[in-house]
Amino acid sequence: MECRVLSIQSHVVRGYVGNKSATFPLQVLGFEVDSINSVQFSNHTGYGHWKGQVLTAEELNVLYEGIKLNDVNHYDYILTGYSRDTSFLETVVDIIKELKGTNPKLVYVCDPVMGDQGAMYVPENLLPVYRDKVVPLADILTPNQFEAEILTGRKMHSVEDAIEVMDLLHKMGPETVVLTSTDLPSTRGDQFLVALGSQKIIKPDGTIWTQKICMDIPKVDAVFVGTGDLFAAMLLAWTHHHPKDLKSACEKTVSILHHVIKRTIKYANEMAGPGKRPNAGQLELRMVQSKADIENPAVIVEARVIQQKNQ
């Protein structure tokens, strides 16, 4: 069966963020991807300069109307990422509601991009829109630690806290929650990041089965842009292939990220030369060169099941 994704994210002419980071990997894995570009920039904003245009809520509506008039607004998945405007985000909510009305089986994958490391990098008035309107529609949610904390109003200091936060996020709507990165201490030492996931499955008899997993991801000493967008896209793909096995889906997703990042840092260091730190251009993800790893990832990051229960 053909599987079609509507991806509403940013676009850059040069490099890989937003739709540029999500579309190619999804296509490689057999998905049809329809992209709406929330911004069109020359490059990501980590460079010294950038130029471009921002799509307004009205312009988003016009594009969607065009798809609707031709009766091609039929999707299996919706994927959304960075948005910095409340009216744009509320228009996205309206589109998702309409598409879910047309196809109740549609799966919405939401990366609630708001901030990191204790600071918001979108206007604060986006938080209530995400919390009250977007998250309740999401089936799969991929916040980082900071985003999960501000959505739930609960801080995380331990794995037990993280389990509680994921359960609170489940109560808000999503059946699958993945905390893509946290500052929680890894059992493998300070060279590893901890990511956690939780999946809630309602069985035919009405009982609820939940599984929680934990992953220790090797740290890399560089700042990459577009990895969160790639993570959400690959989680969409691998949960499609493993709908009731979050452990396998996360292992493949995180392993793809690892392969892409390793290839990128190797290339960036070669380009920068000995003793020099790579620049933003040299650190653009080596996406095309990672095609084989995206299609058939060797699993190098294994997930541990930390909780499993029937209710």
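What radius of gyration would a compact globule with 311 residues have, and what does the protein have? A compact globule of that length would come to near 19 Å, and the protein has 19 Å, so the two agree. (The radius of gyration is taken over C-alpha atoms, and the globule rule is 2.2 Å times the number of residues to the power 0.38.) Keep in mind that this is a predicted model, where local features need pLDDT of at least 70, side-chain atom pairs count only at pLDDT 80 or more, and totals for chains, interfaces and linings use all residues. Residues are numbered from 1 along each chain as its sequence is written, and side-chain values use heavy atoms, with hydrogens and water left out.

**Overall build**

- The protein has nine helices and 12 strands; helices (H or I, at least four residues) and strands (E, at least two) are DSSP runs, numbered from the N terminus.
- Along the principal axes, the C-alpha atoms fill a box of roughly 60 × 45 × 40 Å.
- Of the 311 residues, 52% are buried, where buried means under 20% relative accessible area, exposed over 50%, and partly exposed in between (1.4 Å probe, protein chains only).
- Take the contacts with a separation of 6 or more: 70% of them come from residues 24 or more positions apart. A contact here means heavy atoms within 4.5 Å.

**Surface and charge**

- The accessible surface is about 14,500 Å², and 51% of it belongs to carbon and sulfur atoms. These areas come from the Shrake-Rupley method with a 1.4 Å probe; for residues, only the protein chains shown count as cover.
- There are 31 positive and 37 negative charges, and their mean positions sit 4 Å apart. Lys and Arg count as positive and Asp and Glu as negative, while His and the chain ends are not counted; each charge is placed at NZ of Lys, CZ of Arg, CG of Asp or CD of Glu.

**Salt bridges**

- Searching the whole structure turns up 16 salt bridges, each being a side-chain nitrogen of Lys or Arg within 4 Å of a carboxyl oxygen of Asp or Glu.
- K100 and D139 pair up through their side chains at 2.8 Å, N to O. This one links distant parts of the chain, with K100 in helix α3 (residues 86-102) and D139 in the loop between α4 (126-134) and β8 (140-141), 39 residues apart. D139 counts as partly exposed because its relative accessibility is 22%.
- K212 and D167 also meet in a salt bridge, at 2.8 Å from N to O. Here too distant parts of the chain are linked: K212 is in strand β11 (residues 208-218), D167 is in helix α6 (residues 159-172), and 45 residues separate them. K212 is buried at 0% relative accessible area, whereas D167 is partly exposed at 26%.
- K247 bridges to E251, with the closest N and O atoms 2.8 Å apart. Both lie in helix α8 (residues 246-272), four residues apart, or about one turn of the helix. K247 is partly exposed at 24%, but E251 counts as buried at 9%.

**A closer look at L126**

- L126 belongs to helix α4, and with 0% relative accessibility it counts as buried.
- Leaving out residues up to four places away in sequence, L126 touches S83, R84, D85, T86 and L89.
- V288 is 162 residues from L126 along the chain, and their C-alpha atoms are 34 Å apart.
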